[in-house]
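Visitor: I'm new to reading protein structures, and I'd like a close look at one single part. Could you pick a stretch of the chain and walk me through what surrounds it?

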Amino acid sequence: GLNFIDLMVRQGNIDNPPKTPLVPGFECSGIVEALGDSVKGFEIGDRVMAFVNYSAWAEVVCTPVEFVYKIPDDMTFSEAAAFPMNFVTAYMMLFEVANLREGMSVLVHSAGGGVGQAVAQLCSTIPNVTVFGTASSFKHEAIKNSVTHLFDRNADYVQEVKRISADGVDIVLDCLCGENTGKGLSLLKPLGTYILYGSSNMVTGETKSFFSFAKSWWQVEKVNPIKLYEENKVIAGFSLLNLLFKQNRGGLIKGVMDKLLNLYNSKKIKPVVDSLWALEEVKEAMQRIHDRGNIGKLILDVEKAPTPLMANDSTETSEAGEEEEDHEGDNENKERMPFIQ
């Protein structure tokens, strides 16, 4: 599976980035080839999906058994590779951090992405939950039925939300950071929860830019604890990778995966796969994420042969993906598009 965090790793926009050379990737699916001496519950030949602390983009992957889960019989390998990161992140934020309940309202950014679609599906499992989503206009037709109210990401969504719900919302899920932090907090109802789970606005150009880095963080308003106290608001952060690999909460995540797989088997949730890419096409796949062109999850398929590039398949590489993304609207379908440099 490809995630936005992989793009941030590549650009060095994370704390303590690993030394090169390294193989990126944090989730995968496949068939068990070998077992450690003390491993129980799995057999060679089992179909599984797993979290990996880097090195998931490979033909052979090794990871501790606590991060491995069996795949339901009717789940494809591509769906399984799209499942762990997005759905566990969405579930943990909604139910473990924000305590989503019947009748609540949720604002989620990047509603067309993998996490955004997982959030929308999980919200639909609770009665009378209103979902406000922001996304690029070219994605609206494809995702309009997954959320209650959909806004253009470049519009003044604060005013749009307040026009529909004057009191604001109960939960804000922010993967953008920057100026959206203050906007999200302003939209919270009393006892509402704002959760920061990413900072994709820090990824702008093709290389790490100190200016864009600083500008994004400069726009994050200082949080005044007294103001939170007076307004009865909650601000939280969530990092699934830190929870797994730094804070040793694999057991907690396993319980969440069990609940999610029950929802999948009940046909209440289903991963949205945007496109499949060969390992040799990882550069083009990451460009599609960079340009916010995907609806759902991009998957690297180790058995897929690279798609021949045609001259008319070329496209310009944007200097700032979020500023150029509306041009993707020319491509209404969800087929993967090759890129020529």
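Guide: Let's settle on helix 12, where Glu284, Ala285, Met286, Gln287, Arg288, Ile289 and His290 are buried. Keep in mind as you look that this is a predicted model. Helix 12 has nine residues, and with seven of them buried it is mostly covered.

Helix 12 spans residues 282-290, and together with strand 10 and strand 11 it makes a right-handed β-α-β unit. Strand 10 covers residues 273-277 and strand 11 covers residues 297-300; the two run parallel and are joined by four bridges. To find one end of this pairing for yourself, pick out Trp277, whose bridge partner in strand 11 is Leu300.

Asn86 itself sits in helix 3, residues 84-97. Is Asn86 buried or exposed? Its relative accessibility is 5%, and because buried means under 20%, Asn86 counts as buried.

Cys123 has a relative accessibility of 2%, so it counts as buried. Cys62, at 74%, counts as exposed, because the cut-off for exposed is over 50%. As for disulfides, the structure holds zero.

Definitions and conventions
Residues are numbered from 1 along each chain as its sequence is written. This is a predicted model: local features need pLDDT of at least 70, side-chain atom pairs count only at pLDDT 80 or more; totals for chains, interfaces and linings use all residues. Side-chain values use heavy atoms; hydrogens and water are left out. Buried means under 20% relative accessible area, exposed over 50%, partly exposed in between (1.4 Å probe, protein chains only). Two strands pair if DSSP finds at least two bridges between them. A crossover is right-handed if, with the strands pointing away from the viewer, the path from the first strand over the helix to the second runs clockwise. A disulfide is a pair of cysteine sulfur atoms within 2.5 Å.
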